[in-house]
Amino acid sequence: MASDLEARAKEAFVDEDYELAMDLLNKAIAVQPNNGHYYADRAQANIKLNNLTEAVADANKAIELNPSLPKAYLRKGTACMKLEEYQLAKAALQTGASLAPRDSKFTNLLKQCHDLIAEESHVITPIIPEKHTMITRAVSAKELRQENGVAEQMTVTVARPKYRHEFYQKPDEVVVTIFAKGIPQDSVTVDFGEQILSVSIEVPGEDAYSLQPRLFGKIVPAKCRYEVLSTKMEIRLAKVEHIHWTALEFRGGATVPQRAIVSSVTDIQRPSYPSSKPKRVDWDKLEAQVKKEEKEEKLDGDAALNKFFRQIYQDADEDTRRAMSKSFVESNGTVLSTNWKEVGSKKVEGSAPDGMELKNWEY
């Protein structure tokens with residue numbers, strides 16, 4: 001049955017009906033989930049549909065199942081090049097070329113990749129300032145999020161993933177937290193690119209989880225790291241530039257706007273070009289100016305309340321922060337405590353407002 005689905009998928013590719021090909025390959029994978037060829041073919045369908053991060057994830061899965069499959073490396077290299085992840089593309093294409101030395105597609109793509117890497121190393125990117133940093137993620141209820149170590153209210157969506165994740169940032173790094181309890185170290189796979197993060201969690205007997213965002217800004221893969229803990233995993237992404245990200249995932253055009261914190265959104269910096277006299281930027285001073293403006297900003301309603309809670313969180317000690325996060329998460333957003341001694345040793349039960357019913361959900 002799976003082979004019939006694969007044959008029909010190939011016919012759909014010939015007819016350029018890539019959505020049909022995707023549907024057929026999904027069914028083939030459901031029948032034979034350990035067939036690397038099906039994942040490599042689905043990666044190609046994702047490339048044609050411009051689902052590039054999904055294509056990288058499928059190619060990685062195909063490589064995991066069949067490390068000697070040349071087309072899996074070809075798909076990964078192609079998708080990474082379209083994502084402007086040239087170093088990742090180069091590594092994948094070189095491995096694929098060693099497996100299929102007579103395949104000219106690898107030679108041609110490697111030449112393009114080398115040219116793009118050389119071109120990228122000479123590109124000067126203008127810096128466009130922005131005053132505020134906004135961190136968003138999808139969750140199933142109102143929760144706290146962190147912006148530079150400060151808790152904020154999160155956006156709401158109906159769909160709830162297997163594990164929830166959030167992030168906060170410092171001037172030099174972004175910290176992504178995936179709340180996954182009791183996952184084995186060997187079930188986690190993390191891959192870092194120049195502007196892509198790939199996380200896969202496959203626990204036997206459970207549905208697989210993947211997080212494949214194209215990141216808002218570029219990172220230094222060699223300096224990135226992750227740690228699997230008992231209740232979560234933490235991923236630390238080293239920024240290329242000390243700029244603030246407005247989101248974890250980049251959404252928009254072909255290039256990522258680079259933004260730096262300045263004292264006013266109207267004070268637009270001119271693009272910086274090479275000069276014989278280097279100019280130093282006092283980042284500490286800029287950060288202090290922004291914090292001063294945020295503190296003096298006048299807000300009303302929910303915005304004022306959110307600012308009040310952020311200020312409490314920012315000025316609190318570690319135990320108070322832990323108490324706030326634990327009480328808010330365990331009570332599904334209905335309790336916010338600052339007393340760690342009170343909430344640290346027991347689960348915080350939620351309480352619904354008058355006229356409403358509280359329903360528990362698992363992460």
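Welcome to a predicted model, where local features need pLDDT of at least 70, side-chain atom pairs count only at pLDDT 80 or more, and totals for chains, interfaces and linings use all residues. Residues are numbered from 1 along each chain as its sequence is written, and side-chain values use heavy atoms, leaving out hydrogens and water.

**Confidence**
- The mean pLDDT (the predictor's confidence in each residue, from 0 to 100) is 77, and 74% of the residues reach 70 or more.
- Over residues 123–159, pLDDT stays under 50, and the model has 110 contacts there beyond four places in sequence (contact means heavy atoms within 4.5 Å).
- Residues 254–259 also have pLDDT under 50, with 23 such contacts.
- Where pLDDT is low, the predicted coordinates should not be read in detail.

**Overall make-up**
- The protein has eleven helices and eleven strands (DSSP runs: helices are H or I, at least four residues; strands are E, at least two; numbered from the N terminus).
- Of its 363 residues, 42% count as buried (under 20% relative accessible area, 1.4 Å probe, protein chains only).

**A four-stranded sheet**
- An open antiparallel sheet runs in the order β5-β6-β11-β10 (strands pair if DSSP finds at least two bridges between them).
- Its edge strands, β5 (164–169) and β10 (225–228), each pair on one side only.
- β10 meets β11 (residues 233–238) over four antiparallel bridges, and Arg 225 has Arg 236 in β11 as its bridge partner.

How values were computed:
Buried means under 20% relative accessible area, exposed over 50%, partly exposed in between (1.4 Å probe, protein chains only).
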